[in-house]
Amino acid sequence: MLFSFGLLFIGGLLAGKFFNMLKLPSLIGMLLVGILLGPSMLQLLDDSLLAISSDLRELALVIILTRAGLNLDVSALKKVGRPAFLLCFVPACFEIVGTLLVAPILLDFTMMEALLLGTVLAAVSPAVVVPRMLKLMDNGYGSNKNIPQMVMAGGAVDDVFVIILFTATLSLLSTGSFDTSIFLTIPLSIVLGIGVGVVVGHLVIYFFHHFQVHDISKVLILLSISFLLLTLEDYCTGIITFSALLSIMTMGVTINFKDNVLAKQLSVPFGSLWFVAEIWLFVLVGACVDIQLALNAGLIAFVLLVIIQLFRMLGVSVAVLKTNLNKKERLFVAFSYMPKATVQAAIGALPLAAGLDCGAMILTIAVLAILFTAPIGAILIDRLYPVLLVKGE
């Protein structure tokens with residue numbers, strides 16, 4: 001496994017630097033290295049590393065969501081209000097509806113299979129979007145209207161909403177039974193996730209104020225708490241539901257709200273951790289890609305992805321109606337909601353594992369969605385933010 005880690009980090013780092021030199025997002029190089037090293041091509045990554053790939057990707061998400069929370073200003077988020085709330089579910093719903101309309105025609109899917117595909121594709125990638133929004137916040141772009149904060153907050157809840165819809169739909173197709181109570185878990189998971197994060201955030205602040213702890217130890221404590229929250233979420237499945245990832249982000253938001261100085265101290269080491277975590281995240285996402293499946297899908301799958309992206313952009317436009325955002329800023333928000341990667345890599349193979357006839361095609365389209373939307377979305381954000389957004393004072 002150590003040899004695989006060495007290849008992963010060296011290859012990902014060098015490829016990322018090379019693509020940065022080309023003025024392209026580093027994640028493109030990391031994805032390509034993952035594809036090259038992974039099972040589809042050279043098969044140089046150890047099976048034991050691939051077996052814990054999902055856990056490592058989740059760890060990377062923990063790091064970036066904690067950092068996002070520590071930098072998210074509640075007062076700024078309050079100013080955004082309604083559009084941030086609508087961005088939590090409206091774009092995803094539009095994309096799912098678009099999939100329901102198009103997939104049965106292009107892929108000969110049933111309506112339920114199309115619904116399952118829609119829930120796989122509808123989640124935005126926090127690993128692609130959040131670092132870019134943090135960069136904009138640091139540089140002051142869009143700060144006059146709190147656009148980066150709005151995108152980060154909406155995207156975090158968007159993932160919770162979509163994953164619960166996916167779970168419900170997969171259960172129905174796998175077992176033939178439908179439990180309407182599953183849909184009640186959507187608001188419950190969000191509310192409890194936020195509530196747990198607020199409580200834990202206050203406890204963390206109290207502990208750090210009353211006990212002298214080194215900055216590195218503080219980072220380790222936050223990471224350990226995050227791991228415990230993720231484990232608690234798994235343990236509580238079937239009893240009561242909450243979103244651990246949302247709790248983790250809310251914990252950071254609470255620390256920022258109650259003690260901004262502490263949040264700034266913690267944000268620096270989490271930024272350094274993300275530099276490392278980003279490499280293994282996107283290389284391992286690339287390793288999940290099955291090139292043969294992607295090639296077999298062909299033009300039809302690509303056409304489907306283009307159409308549902310248009311539906312998603314329409315959903316973003318609806319979410320930001322009657323706001324003070326101008327046309328350029330609305331277009332930027334639409335581009336920011338385009339990238340898909342981590343969620344699709346995590347759940348794309350589950351329908352196939354469940355033995356569904358549509359599973360292979362869903363996995364194929366999930367792979368194509370990563371290859372198509374993650375690089376293009378990242379490029380659009382990186383290249384166009386100086387043109388589409390106003391830099392604050």
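Helices here are DSSP runs of H or I with at least four residues, and strands are runs of E with at least two, both numbered from the N terminus. This is a predicted model, in which local features need pLDDT of at least 70 and side-chain atom pairs count only at pLDDT 80 or more, while totals for chains, interfaces and linings use all residues. Residues are numbered from 1 along each chain as its sequence is written, and side-chain values use heavy atoms, with hydrogens and water left out.

**Stop 1**

Gly193 counts as buried, at 0% relative accessibility (buried is under 20% relative accessible area, exposed over 50%, partly exposed in between, with a 1.4 Å probe and protein chains only).

Gly195 is partly exposed, with a relative accessible area of 34%. Its C-alpha is separated by 38 Å from that of Met361, 166 residues away along the chain.

**Stop 2**

Select residues 260–287, the 28 residues of helix H14. From first C-alpha to last, H14 reaches 39 Å, close to the 40 Å expected at 1.5 Å a residue; the expected span is 1.5 Å times one less than the number of residues. Where does H14 bend? The bend is at Ala277 and amounts to about 30 degrees, taken as the angle between axes fitted to the seven residues ending there and the seven starting there.

Next, show the aromatic rings. The structure holds nine aromatic pairs (rings of Phe, Tyr and Trp, the last by its six-membered ring, with centres within 6.5 Å; planes under 30 degrees apart count as stacked, over 60 as edge-to-face and the rest as tilted). One of them joins Phe9 and Trp280 edge-to-face, at 6.4 Å centre to centre and with 85 degrees between the planes. This pair links distant parts of the chain, since Phe9 is in helix H1 (residues 2–21) and Trp280 in helix H14, 271 residues apart. Phe9 is partly exposed at 26% relative accessible area, whereas Trp280 is buried at 11%.

**Stop 3: the cavity**

A search of the whole structure finds one cavity of 30 Å³ or more. On a 1 Å grid over the protein atoms alone, a cavity is a set of points where a 1.4 Å probe fits but cannot get out, and lining residues have an atom within 4 Å of a point. The largest cavity has a volume of about 60 Å³, the space filled by probe spheres set on the points, with points joined across faces, edges and corners. To see the lining, select residues including Val124, Pro126, Met152, Gly155 and Tyr337. Which helix gives the largest share of the lining? That is H10, with four residues.

**Stop 4: two positive phi angles**

Select Asp108, in the loop between helix H7 (90–106) and helix H8 (111–121). Asp108 has a positive phi of about 60 degrees although it is not a glycine, and it is exposed at 69% relative accessibility. Finish at Asn146, in the loop between H9 and H10. Asn146, not a glycine either, has a positive phi of about 55 degrees, but is buried at 10% relative accessible area.

Note on methods:
1 Å grid on protein atoms, 1.4 Å probe; cavity = no way out; pocket = protein on both sides within 12 Å on 5 of 7 lines; lining within 4 Å.
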